Amino acid sequence: MKPAPFEYYCPETLDEAVSLLEQHGDDGKVLAGGQSFMPLMSLRLARPSVIVDLNRVSGLDGIAANGDGGLAIGALTRQRALERDAELPARNPLLAAAVPLIGHFQIRNRGTVGGSLVHADPAAELPAVTVALGADFVLTSAGGERVVSAADFYLGYMATAIEANEVLTEIRVPAWKAGRLWAIDEVSRRKGDFAMVGVALWADMDGANCADACITLFGVGGEPVRVEKAEQRLKGAALDDATLKEVERIVSEELEPDSDIHASALYRREVGGVLTRRALRAAAERGTEGNGA
Amino acid sequence: MAETYIGAPIKRREDVRFITGTGTYVDDIKLPHMVHAAILRSPHAHARIRDIDTSRAEALPGVVSVFTLKDIGELDATVPIRMYKIPGLDKYLQPSLARDEVRYVGEPVAVAVAESRYLAEDALDAIDVDYEVLQEVMDVREAMEDKVLVHEHNGTNLAGVHHVSIGDADKAFAEADYTRREEFRVHRFTGNPMETRGIVAHFDRGKGELRVYGATKLPHLNRQTIAAFLQLPEHKCHFEENDVGGGFGIRGELYPEDFLIPFASVRLGLPVKWIEDRREHLLAANHSRQVTCELEIAARKDGTLLAIRAQIYGDMGAYVRTHGGLVPCSTGALLTGPYRIPNYQAKIHCVMTNKTGLGTLRAPGRVESCFYRERMLDMMARDLDLDPVELRRKNLVTPEEIPYEIGFTRPSAHPTILDSGDYASALRQALERFEYDEMKGIRGLQEDGRYHGVGLSYFVKNTGGLEPYEGARMVVGEGGGVSVFLSIAQLGQGHETAMAQICADALGVTMDAISVFHGNTDLSPFGWGTFASRGTVMAGNAVHLTALQLKDKILEAAARHLDVDASGLTLEDGNIVQPGTEAPALPLGELVAHMRESITPEQGVPELEATAYYNSNNITHTYGVHLAHVAVDPETGVLEVLKYLVVEDVGRVVNPLMVRGQTVGAAVQGIGGVVLEELVYGESGQLLTTTFLDYLLPTSTDVPPIDDLVLEEAPSPYNPLGVKGAGEGGIVGTAGALGNAVSNALGIEVKDLPLSPDRVRAWIRARGDG
Ligand SMILES: Cc1cc2nc3c(=O)[nH]c(=O)nc-3n(C[C@H](O)[C@H](O)[C@H](O)COP(=O)(O)OP(=O)(O)OC[C@H]3O[C@@H](n4cnc5c(N)ncnc54)[C@H](O)[C@@H]3O)c2cc1C
């Protein structure tokens with residue numbers, strides 16, 4: 001379990017980093033927290049010939065408010081830093097609740113927000129949450145920047161829109177809507193494991209009825225899965241038992257997960273529905289209290 | 001200070017180095033000019049090797065050597081069977097490197113040696129093997145049909161069969177009021193010591209001697225095999241274990257790598273290191289469990305047990321390894337448990353498949369048989385409308401019936417005898433401690449939306465014996481310090497502490513005067529090993545006997561020195577005293593100083609040492625109860641263990657802290673095995689669980705509250721100390737108790753494992769209301 005030979009670079013500026021990537025093309029790979037990438041290299045499942053280590057590049061981490069009340073999160077921000085950000089629960093309670101579900105704190109100490117998003121494990125929390133939140137990803141290359149929405153970024157099983165010469169530099173999360181209901185829930189074999197099934201969702205209410213909603217599941221396909229049919233069913237409806245049961249059924253029907261050694265496709269479909277119902281109920285019961293600005 | 005060291009809760013001497021990471025494990029051994037080996041393993045479950053080309057690999061910079069079976073040539077050897085040598089099994093042995101076929105994913109094919117492990121692994125990438133892929137067979141039932149053969153030339157996958165026949169089971173079945181037949185299955189999983197296997201072999205060409213570090217569990221036996229393989233005299237091979245990060249039955253057995261690394265060192269004249277990585281461990285070290293059982297029970301209407309019959313199938317994997325037929329045979333050995341079941345018949349099948357070889361894992365076979373039996377008893381209680389506790393109580397062997405001879409349940413010359421115990425007493429205390437009666441109301445759906453259940457299992461577990469002896473040598477030196485040299489190895493349990501306690505009491509010195517040495521074949525020429533919870537029984541009694549002999553020797557020397565009669569002397573806390581007289585105490589250290597400096601020829605020689613062996617084939621049996629309270633989320637199938645109790649009578653406790661550590665650790669391991677762990681094979685015989693991402697061990701965040709109660713009501717009559725082993729009681733009953741608890745919660749009958757959310761959901765779905 002030792003990596004195949006590779007060349008190692010540790011640039012200190014983003015310019016250097018992207019020009020190295022430009023130079024090495026498909027042979028180059030970016031290293032962030034290493035929590036997913038190092039095991040793949042050690043198992044020789046990944047055999048990059050050039051490693052561009054981002055850990056000494058300055059200016060890639062940090063959590064800032066962006067102009068419209070949303071967040072600008074540097075890609076190299078450690079997951080633990082996000083978790084410990086005292087203002088995050090007020091600024092974006094769904095994101096704040098998602099981060100502690102990633103692995104164990106030792107992993108979050110090293111693992112970065114950008115690494116999780118680019119690694120794109122279909123069962124990971126952050127890709128699903130960024131899709132649910134309508135986040136944008138800033139991708140930087142020697143030629144400049146481009147912005148891709150989270151929804152467009154994920155292209156199937158561990159495939160994303162990022163090019164070999166690009167670095168994810170920033171994640172832009174839109175402002176949290178006042179009064180929004182939200183929840184995240186998952187089932188995993190052990191605490192800290194990748195979810196067998198998980199759901200991240202929010203609902204904006206107009207009085208007793210739902211005006212808008214987003215339901216995104218993870219662990220149930222190659223990428224985060226939005227169940228628009230279930231979202232449609234919620235719109236205009238009260239979050240009562242009958243509606244929630246309906247939504248559960250729709251989610252179960254709509255999902256097309258695969259089986260793996262931890263859970264069958266049938267399990268994932270059923271439990272996807274169950275978790276969605278439970279999350280909606282939890283969101284409704286919690287109400288708007290402590291729901292951010 | 002307690003009156004005796006035995007029984008005192010003394011912290012382990014090993015703790016500081018184990019807990020602070022300052023031990024010396026095999027990977028800490030770094031020798032001058034040491035090179036590193038990596039092993040090329042088969043990517044196929046079954047294939048013919050047409051050709052191996054190592055030329056590209058050999059040409060790589062930093063590569064010292066690449067060798068294949070051809071290079072081993074006439075030394076070619078197989079992993080020997082050491083136990084449970086059922087006739088026929090010896091036709092299925094594993095060679096050091098695959099001969100003409102590979103038979104499981106992970107089988108060693110070639111070895112690369114290089115200046116670093118990195119380079120050695122690069123070399124593996126450059127070895128070209130031409131395989132002709134053959135059909136594999138992965139399932140025992142299919143294998144029994146012999147359509148696909150794992151070893152073509154043997155003509156069958158049924159490698160061996162063992163019969164047990166006690167009383168007349170068929171007659172009892174014909175006459176019984178009640179019978180039931182069920183098929184149970186325990187899945188494949190294995191032990192994962194924190195420290196994987198590892199070997200540093202150093203052949204000194206000048207001396208013609210081989211030193212092997214990283215040997216453990218059975219250093220003398222492994223030395224015997226490797227010395228013969230390398231055609232070296234045994235006394236010129238030195239096996240050292242260093243510190244060991246756990247064994248669980250897996251680590252320390254003899255494997256192909258144990259041939260290959262010393263071979264490489266002899267061939268190259270260099271120290272060679274190989275450290276197993278976790279992927280290799282999961283692929284290549286022994287797997288365990290995976291025994292299927294068709295079990296039938298016969299009883300009277302009132303619940304009196306009359307007979308059991310069993311067809312037991314062990315999934316042996318591709319080669320029979322050191323343990324022979326142990327795993328399935330041990331399933332048969334104690335299938336009747338602590339109960340009076342006069343008629344017992346079993347047929348045990350050892351069946352070959354294209355998987356990794358099967359070996360022992362903490363309470364091998366006993367975890368399985370306890371699951372089958374205790375599940376069956378709960379089913380029977382339901383059928384006959386009997387209270388499951390009453391049913392068990394009624395059939396427990398009574399103290400009056402003990403020693404209770406079950407009969408010949410093993411392929412061995414010795415019958416299985418339950419040596420001592422008050423089984424009903426342990427049951428009563430377990431129920432009280434668990435508040436079992438108070439918990440009767442909490443079955444089924446509860447307010448938290450989950451189904452709750454309580455499950456009980458009763459076990460007996462053989463400890464000690466199996467191989468006849470262990471020895472100890474004891475030497476008194478400067479200051480009255482006592483060195484104890486053990487023949488037995490240590491896998492991390494705490495022999496350095498427990499053996500010092502036993503020695504201190506028997507010898508009459510303080511514990512801090514004692515140093516314990518172990519795990520080195522230079523310390524004693526013979527020894528067996530650390531398995532079957534035999535350490536304290538075998539080595540503990542050896543230490544006890546040696547200390548008594550040494551004490552006599554010390555007192556005789558003191559008598560000569562003091563010019564008194566030895567019968568008037570005794571040794572207390574390191575002082576030679578003459579009870580009932582005014583004579584001042586003579587510290588042992590002073591006697592030694594005298595003997596060292598000014599002993600006269602008339603007074604003898606300055607030698608205070610003794611060697612003794614404890615030699616006994618008698619097997620002691622611990623017994624006890626596991627109780628579990630579980631809650632199951634019916635919609636997700638997620639199981640939570642809310643409360644867990646292990647009660648075990650170990651005869652006599654040497655160190656309660658260590659026994660508790662063993663019990664709780666074993667229970668955690670057991671629960672992990674029942675709920676989380678599974679070695680899963682997928683398409684074309686590929687092992688899918690080759691990292692800890694997929695092979696799920698319980699971690700500190702998954703451990704439920706575990707209570708334990710250790711009893712000392714029934715010391716073993718078989719050994720001077722009255723001890724029984726305490727390493728496995730915490731695991732034996734886990735599958736039974738959890739299987740019963742989940743069945744009880746959901747009103748279903750659990751017959752196979754693991755209790756994963758996906759399976760639990762499937763059972764609920766099949767129940768029809770979920
Ligand atoms: C035991 C364990 C449990 C875990 N459990 C979970 C879990 O429950 N949920 C979960 O979501 N994750 C889990 N993880 C994964 C963890 O979150 C990782 O930190 C994360 O997936 C990768 O982040 P990283 O910073 O370590 O990236 P790395 O491992 O360094 O990189 C991962 C991939 O992303 C690329 N990459 C990284 N950063 C950038 C960038 N800025 N621009 C372009 N490409 C980039 C790399 O080239 C690589 O391909 C677990 C990991 C472990 C070891």
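Predicted model: local features only at pLDDT ≥ 70, side-chain atom pairs only at ≥ 80, totals over all residues.

Modeller: Residues are numbered from 1 along each chain as written, chains are lettered from A and ligands numbered from 1 in the order written, and side-chain values use heavy atoms, without hydrogens and water.

Colleague: What radius of gyration would a compact globule with 293 residues have, and what does chain A have?

Modeller: The radius is taken over C-alpha atoms, and the globule rule is 2.2 Å times the number of residues to the power 0.38. A compact globule of 293 residues would have a radius near 19 Å, and chain A agrees, with 19 Å. Its C-alpha atoms fill a box of roughly 60 × 45 × 30 Å along the principal axes. Chain A holds 12 helices and 12 strands, these being DSSP runs (helices H or I, at least four residues; strands E, at least two) numbered from the N terminus.

Colleague: Is A:Thr160 buried or exposed?

Modeller: Buried means under 20% relative accessible area, exposed over 50%, and partly exposed in between, with a 1.4 Å probe and protein chains only. A:Thr160 counts as buried because its relative accessibility is 16%. A:Thr160 lies in the loop between helix 9 (150–153) and strand 8 (167–173) of chain A. Beyond neighbours within four places in sequence, A:Thr160 is in contact (heavy atoms within 4.5 Å) with A:Val118, A:Ala120, A:Phe153, A:Tyr154 and A:Leu155. In chain A overall, 53% of the 293 residues count as buried.

Colleague: At what angle do helix 15 and helix 16 of chain B pack?

Modeller: Axes are lines fitted to C-alpha atoms, for helices over the stretch in contact, and angles run from 0 to 180 degrees between N-to-C directions. Helix 15 (residues 535–562) and helix 16 (residues 588–598) of chain B pack at about 70°, with axes 11 Å apart. They are therefore roughly perpendicular; the classes are under 35 degrees for roughly parallel, over 145 for roughly antiparallel, 65 to 115 for roughly perpendicular, and oblique for the rest.

Colleague: How do helix 11 and helix 19 of chain B cross?

Modeller: The axes of helix 11 (residues 366–384) and helix 19 (residues 734–746) of chain B come within 7 Å and cross at roughly 30°. That makes helix 11 of chain B roughly parallel to helix 19 of chain B.
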